[in-house]
Amino acid sequence: MTVTTGTYRGMLAETVTIRGAGDDPIYAYQARPLGPGPFPGVVLFHHRPGWDDWYHHATRLFADRGYLAICPDLYARAGHGEPDDVAAKVRAEGDVPDAQVVADGQGAIDHLRTLPTSNGKVGVFGTCSGGRHAYLAACQATGVDACADLWGGRVVMAEDELNDRYPVAPIDLTEQLDCPLLGIFGLEDRSPSPEEVDQHEARLRELGKDYEFHRYDGAGHGFFYHDRPNNYRAEQALDGWQKVWRFFDEHLR
Amino acid sequence: MCTDITEHATLTGSAKGPQGWFTAASAEVAYDHPTHATVEHAIMVSVRDGDADGQQRVAVELDRSSARDLARALLRAADAADDYEGDR
C-alpha cells in the first residue's frame, strides 16, 4: 500500500475479547483502519517477553498500513499483571502448550474474517517464540493465507526437547504448510542458529514450498526491537520491515 | 529466541516488593531475554509469594558474571551463618 500525504489515515485500536482454545474468552489487542475497506487481516503472535508494548505498537503499525490487525494475549490463562510478571509466570510453568497457542490463533483468524471490512484474507506474523507460533499456525490452523516467521527459534528441535507442551518439532509439520512463507533472520542469532535456518530452508525446498528467506549480517536476535537497544539494528530492521510489508501486500491484497 | 533454561527453588523467608513485604515461598532462576537489563540474555531471578496467583514478585536481572558473584556471596554468607550457629 502506497501512503501519500493525500492518503486518509485513521484507525481504531482497542482491547477486545475473542474466543480462544477451549472456547476461553481471552483479551486481544485489535487495531483496524477506519474506512470501508475491504482490508486484509494479520494475526500477530507475541514473543516470549509477553503481550507487551512492542506488540501493541506493532499491531498499530499493521493497521496504519491498511491491515485489520489483532494480537491475542497468548498468556491470558496466567492472569493479568504487568507483561514481564505474566511472562515470568508462564516461563516458570514451562511455557504455553503449542496446541493452545494454535487454537488461540485460530480464534483470532476466525474473528478477523467476521469483521465487516475484511477482504477474506488473513496472514500470521510473529517474532521470537511468536515466529515459531506463527509457523505452527500456518501449518496447523485453517485459513492462513501468508506467514511471516521472524527469527522463530526451536522450529528445529531435538528429540529430547519434545514434551507434552511441544509434542512435534515445527519443521516436521512443513508438509502441511500451504501458504507462502517469509523468513527473516539475523546471522548472529543463536536460536535459531544459521545452521537451523539452513536446515529449515532445505526442508522447504525439498517439499517445493513457496518461501523466501532473508538473512542479515550484523544482526542477532530481535533486531526489530527499537525498545531494546542491545538488540536493535536500525538499518537491518528498516529493510526487514519493507520486506514484511511487500510480502503481505503481495499475498493478502 | 528464548531459551528453555529455568531452575526452581523452594524458599522460606520474606521479600519486599512494590506492595511491601510478603512471604517468599519459591524462586525461579531462568536465563532468557530480560525486560530491563541491557544484555541479550540475562540470569533472571523471580522470588514469589505462596499464593496460587503468584501475584507478588521480586525480579532481578543479572549478567552471568554478576549472577555468579551473587551466588558466591549467598554461599559465603550461608557458610558463615552455619559457623556462627555452630552447625558445622
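In this predicted model, 23 residues of chain A and 23 residues of chain B make up the contact. The two chains bury about 1,900 Å² between them, and carbon and sulfur atoms account for 45% of that area.

Five salt bridges are found across the interface of chain A and chain B. One of them pairs A:Asp84 with B:Arg57, with 3.0 Å between the closest N and O atoms. Eight residue pairs are in polar contact between chain A and chain B, both residues being at pLDDT 80 or more. On the side of chain A that touches chain B, α2 (83-92) and α4 (129-140) of chain A each supply at least two residues. The largest share, six residues, is from α2(A). By class, that side of chain A has six nonpolar, seven polar and 10 charged residues.

The largest pocket holds about 410 Å³ of space. Of its 16 lining residues, B:Val29, B:Val45, B:Leu70, B:Ala71 and B:Leu74 are the closest to the centre. The largest share of this lining, five residues, comes from α1(B).

The second largest pocket has about 280 Å³ of space. Its lining has 14 residues, and those closest to its centre are A:Asp84, A:Asp85, B:Pro18, B:Arg57 and B:Ala59. Here β4(B) gives the largest share, five residues, and α2 of chain A also supplies at least two. A:Asp84 and B:Arg57, listed among the residues closest to this centre, also form a salt bridge with each other.

Notes: Residues are numbered from 1 along each chain as its sequence is written. Chains are lettered from A and ligands numbered from 1 in the order in which they are written. This is a predicted model: local features need pLDDT of at least 70, side-chain atom pairs count only at pLDDT 80 or more; totals for chains, interfaces and linings use all residues. Side-chain values use heavy atoms; hydrogens and water are left out. Contact means heavy atoms within 4.5 Å. Buried area is the accessible area (1.4 Å probe) that two parts lose on being put together, summed over both. A salt bridge is a side-chain nitrogen of Lys or Arg within 4 Å of a carboxyl oxygen of Asp or Glu. A polar contact is a pair of N or O atoms within 3.5 Å; within protein, one must be able to donate a hydrogen and the other to accept it, and residues adjacent in sequence count only if both atoms are side-chain atoms. Helices (H or I, at least four residues) and strands (E, at least two) are DSSP runs, numbered from the N terminus. Ala, Val, Leu, Ile, Met, Phe, Trp, Tyr, Cys and Pro count as nonpolar, Asp, Glu, Lys and Arg as charged, and the others, Gly among them, as polar. On a 1 Å grid over the protein atoms alone, a cavity is a set of points where a 1.4 Å probe fits but cannot get out, and a pocket is an open set with protein on both sides within 12 Å along at least five of seven lines; lining residues have an atom within 4 Å of a point. Grid points are joined across faces, edges and corners, and a volume is the space filled by probe spheres set on the points.
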